Amino acid sequence: MKKTTLLFLIFVNIIIAQEKKNDTLTEVILESKRVQNNSLILPIDAISNQDIERYAPTEITTVLNETPSVHVFSGALNTNRLTVRGMGARTPYGTNKIQAYFNGIPITSGVGETSFNIYDPESLEHIKIIKGPKATIYGTNLGGALLFQTKLPENHKTTFSNRFTTGSFGLLKNSFQAGYRDDKFYLNILSDHLETDGYRENSNYKRNNILLDMGYNFNDNNSLKILINQLDYNAQIASSINATDFEEDPKRAANNWKEAQGYEDNKLTTLGLSFQHNFSANFTNTTTVFYSYLDHYEPRPFNILDEFTNSYGFRTLFNGSITTLPFKNKFSAGAELYADTYNWATIENLYEQNNNQGSLEGNVLSDNKENRNRLNAFGTFSMYFKKLVVEVGLNYNTTAYNFRDYYNEGTANKNAKRDFDDIWAPSLNLNYHFSENNQLFTNISYGFSFPNLEETLTPEGVINEDIGPETGINYEIGTENYFFNKTLKFKAAFYYMDVKNLLVANRTGEDQYIGRNAGKTSHKGVEFSLNYLTNLSKTITLQPYINATFNHHKFEDFIDNSNDYSGNDLTGVPKNLINGGFQLKHIKGIYFTTTYQHVGTMPMNDENSLSSNAYNLINLKGGYKAILSDKFSAEISGGINNVFNEKYASSILINAVGFGNAAPRYYYPGLPINYYGSLKLMYLL
């Protein structure tokens, strides 16, 4: 505490000394987080690169947690589960129930699973978050949509930059960027290396990533963009631990994962080609074709998973307006086809017979292929009147799985097909502007989420014919307001979602689940955000902010075997979420930020007999940007995460079951206090 106070006082003294010079700031205006060229008439939550830079440059989970009603359970850099308004909280591992895009390319797999923490935060210009199924052009998933967009180079400049970061637990990160942009052409190359020894046993992580993003404008009506992203990472898996280990020795890995030296090795290639054509000033089309390849190898205590996936498809979107109508309007219409071929085999793991050398392949246990296809067709039509905007939308979805068993023969063969019923998902959005700075918005929309892989197959590896998608209706009303010449922004929303056919993954073994539709849940909550930007003096700006979510999510109707959980709180959803902080900036390039996160208690099992503890985290970051010449600049920065060394669980495995005499393993320990420092060099040619 004394060290932290001393650092803050030194920073303030530096600012005061710099302020004595007669530099002046221009007028500050808080820019709207409503995204430009927004396909929706409703305000969208957007995370800018300035928001991302408030945190360590290692991952994006922390900044995602700043968004009201969004919470990321982070067991490790490679183990993350994103939830939106409680959707996705019941997924044992990974993220589903959202649709995600990277530079317009779908990155959500054929069974609805999304890996989002693999992207370098330093490469991102912004992240857009659409909560709930109100965006018909992005799949109407119950959790909503997640849209990533990478940075463009500075206009009419050639830029080179390199940031080197080092920190606690063997953290090393190096990010390099080179780019050029003019009126016709841009080229952006980003390279990133990240490694850490990890806080826990068996938690080393190493990642290499290279991104090529380029575009060319042939003329005023035609342009082409190309994206190539290559990712290679290896991550050891510590897994979850029981309550005793969490309290007494949180560094421990789960015993069986430690003995097997479990890890995952991934190689991911993504290719995208996007062509835009303007038929006229009022009618345009953007069509994207894409391909990705994932090679995944994961030795686990119960078996070794060896898989590869080929994914491909296209997305076309028409935008325009009908000039013959007597009122202003715009429309969007298009379709998205996504297909993947998922090949996977499980192999016996003989680690117990390998003289403490970790995993060892034995006999093949299964050999399978699954072709998965989904088609979304969508359209929206917006009508603009004096103060009222009305938008109607419709999404059509058809999804099919084709499972092939190459291991079993004859009557034991498990080949099967599953075609889900077609789904029509309508949406109605209203936006009323009382004035330029004050608006009221509301939404009614229908959404759905398909079962993931574990839920589509029984423990015996047979297609589960009885399971279907979750469906729900979302209701939302809110307001967005600006005050004091747009230096103060206030946003509030109330939402209610009624979800039927709840997907439940019942655990029958260490890596065996059976999914079924079992009941109904209600998701109710209130969200607030307040953001203020002001000049403290002629040379200093202050930007404090606070975001809060208070919810009441519960099982309306849920009977699991003979247990009636109706009326219980929904498992794995924090009671409340509060994030806040402030940023001080001096015109000479000195800055200081502090961020605060509060996560409330949450039920860890459906009985509500166990709950996690609430926790509070404070992070600090400061730095100095120096202009050394017309072409050369440098930035030095550093930070402290978890300043008060809070002991907390950064992720919870809900409804954990102990096998044999072992206690249930609910907890993924969060990082204790840790430090990092960075040096960034920038050159303009």
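1. In this predicted model, the side chain of E527 makes a polar contact of 2.5 Å with the side chain of S69. A second polar contact, at 3.1 Å, links the side chain of E527 to that of K131.

2. E527 belongs to strand β26, which spans residues 520-532. Is this glutamate buried or exposed? E527 has a relative accessibility of 6% and therefore counts as buried, since the cut-off for that class is under 20%.

3. A separate point concerns strands β32, β33 and β34. Strand β32 (residues 590-599) and strand β33 (residues 615-627) run antiparallel and are joined by 10 bridges. Within this pairing, I590 stands opposite Y624 of β33.

4. Strand β33 is also joined to strand β34 (residues 632-641), again in antiparallel fashion, through eight bridges. Here L620 stands opposite I640, the latter in β34. How many residues lie between β33 and β34 in their hairpin? Four residues separate the two strands.

5. Taken together, β33 has bridges to β32 and to β34, and it forms a hairpin with β34.

Methods: Residues numbered from 1 in each chain as written. Predicted model: local features only at pLDDT ≥ 70, side-chain atom pairs only at ≥ 80, totals over all residues. Heavy atoms only, no water. Pairing = 2+ DSSP bridges. Buried < 20%, exposed > 50% of the residue type's maximum accessible area, 1.4 Å probe, protein only. Polar contact = N/O pair within 3.5 Å; in protein donor to acceptor, adjacent residues only side chain to side chain.
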